[in-house]
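Morning, everyone. Please look at the structure on the screen while I talk.

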Amino acid sequence: MKPADKKAYDKDYAQAKKTGKPFFPYAIYKDTVIAGLTVIAIIVLAITIRVEVGEPVNPATTDFIPRPEWYFYFAFELLKIFANQNVLTPVIMATFMVPNILIILLVVWPFIDRGPERRIWKRPFALGLTVIVTGMLCYLTWLGANSPAGVAKGALPVSGLDEQATKGMAVYMANGCGSCHMVAGVGAPGPGPDLTNEGAKGWDNAKMIAWLKAPKAPMPSYASLPPQELEDLSTFLNGLGTKYK
Amino acid sequence: MTTKDIGPKNPVQKGTEATIDYVDERSGVKTGTRWFLFRNIPAGTSWFQTLGFTAMVVFGMQAITGIILAMYYVPDTKGGAYQSIEYITNEVTWGWLVRGMHKWGASVMIIVVFLHMARVFIWGAYKYPRELTWITGSFLLLLTMFMGLTGYLLVWDQKAYWATVVAVNIFASAPIVGPYIGDILRAGPEFGPATLSRFYSIHMLVIPGAIATFIGLHLYFIVRLGISEPPWSKRRLRIERDEEDARRAAAREKAKALPGSVNYPASWPVEAKEGAR
């Protein structure tokens, strides 16, 4: 804002204050009404929709559905968008780039938009940004709320399994891999990549086990699994799309 | 006030006044209160401008319910945390209500803070001279989100545990500083007892302290600079109308001065208005 604009604003605001009303009771009355209604709403919610006690933590069983609280659904859905881990959509976009760009934009916004205009219909860029960001947040939250929470139960539609691969698939099912990964259309479409053609990578079991023990974020480590199970799981995964289709 | 003072004062009243005067002389509390409560604000202040106060009240409610929960909660990974949550929910008188209010309060606070931010953004209220108010507010938004993240782990059930493992992994995946942030959050390379007590301390000491500090700064800026006027308040609209009228009148004058232009009748409504002022 130019010095002349600042001066004009200061003068205009002084005028508004001069012809204004005292904070007490005019503003505080409105504040109290809305804050009071909000607190009542919280109490009503707490009474009608009771909080539950979930299952106790067991770090050994990884049969879990990593669903955050609803206010982080948008970040979770962002992970799914960038789940493919290729050059165009690297997972670092969702875990680092997009959130940090948004945070920096949020903090420095007053230094980007410095014009004197305050009416939203005369600030098309700000209006567009409001609509797009709000729309995206709502859409991603809605997606998160409606995403399939279920871990695929039973068997995966994969044939040609030998004995070790069958055991490996059981490990896959028991540890909730399907709540982040998809195999032949069964399981969640993210945040993890689709594993239907995992075998095409040509990894050996040692490499796969090393990965399962120390994977790239956001995937948690499966180092707590017994060595035999890791071996079975790796055999299963390394044959997906090649030996087992 | 035109009450006439007759006779000796009531000793209680006298004592109270003397005490207030004593305190005011040393602290300026009377002047301060007057400065805070009876400052003028623009007349067109809207209902949308109550969201900041509401967010603050919800934060206060979270503090109170949080203190009550802390009286029963045990940050122990060997079953203690889980049992204390069960105890609060099922045994403690009104415990389910306090926990319910704390959990719902978190969701409501995030909604209110977002709506507050949207209001400020749409109204352009972050513009001169309120840029720093916006920055303190943006930190408050981030701290509120962080509050949600750290609080989620404390109930120590499967859902909370694994969601937090994934969230911390995301922090840890950031380039260069990521592994350090991950280690700081986890209190080591693995999730364990130290992680829970660290999250507990961050959730109930570090972030609330930071939020209280930023609320203080935020409030100071608001009181010092005054709450913004709606860009479409009655007063603003009147000024804009007058400016528009003046602009039109000037354009007409210019048109009149040009040869061969239309001569407007003297009784043109705008000019009549201008003349009346």
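I'll walk through the interface of chain A and chain B. One caution to begin with: this is a predicted model.

Start with how many residues are involved. On chain A, 82 residues are in contact with 83 residues of chain B. Now the area. The size of an interface is often given as the accessible area lost when the parts come together. Here, about 7500 Å² is buried between chain A and chain B. Carbon and sulfur atoms give 71% of that.

The rule finds 5 salt bridges across the interface. One of them joins A:D113 to B:K127. Their closest N and O atoms are 3.2 Å apart.

Which elements of chain A supply at least two residues each to the side that touches chain B? Helix 1 (3-18), strand 1 (21-22), helix 2 (23-48), helix 3 (73-81), helix 4 (91-112) and helix 5 (124-146). Helix 2 of chain A gives the most, with 18 residues. And the make-up of that side of chain A? What are the numbers of nonpolar, polar and charged residues? They are 51 nonpolar, 12 polar and 19 charged.

Last item: strand pairing between the chains. Strand 1 of chain A pairs with strand 1 of chain B, residues 40-41. The sense is antiparallel, over 2 bridges. Within that pairing, find A:P22 on your screen. Opposite A:P22 stands B:N40, in strand 1 of chain B.

That's my part. Thanks.

Note on methods. Residues numbered from 1 in each chain as written. Chains lettered and ligands numbered in written order. Predicted model: local features only at pLDDT ≥ 70, side-chain atom pairs only at ≥ 80, totals over all residues. Heavy atoms only, no water. Contact = heavy atoms within 4.5 Å. Buried area = accessible area lost by both parts, 1.4 Å probe. Salt bridge = Lys/Arg side-chain N within 4 Å of Asp/Glu carboxyl O. Helix = DSSP H or I, 4+ residues; strand = E, 2+ residues; numbered from the N terminus. Nonpolar A, V, L, I, M, F, W, Y, C, P; charged D, E, K, R; others polar. Pairing = 2+ DSSP bridges.
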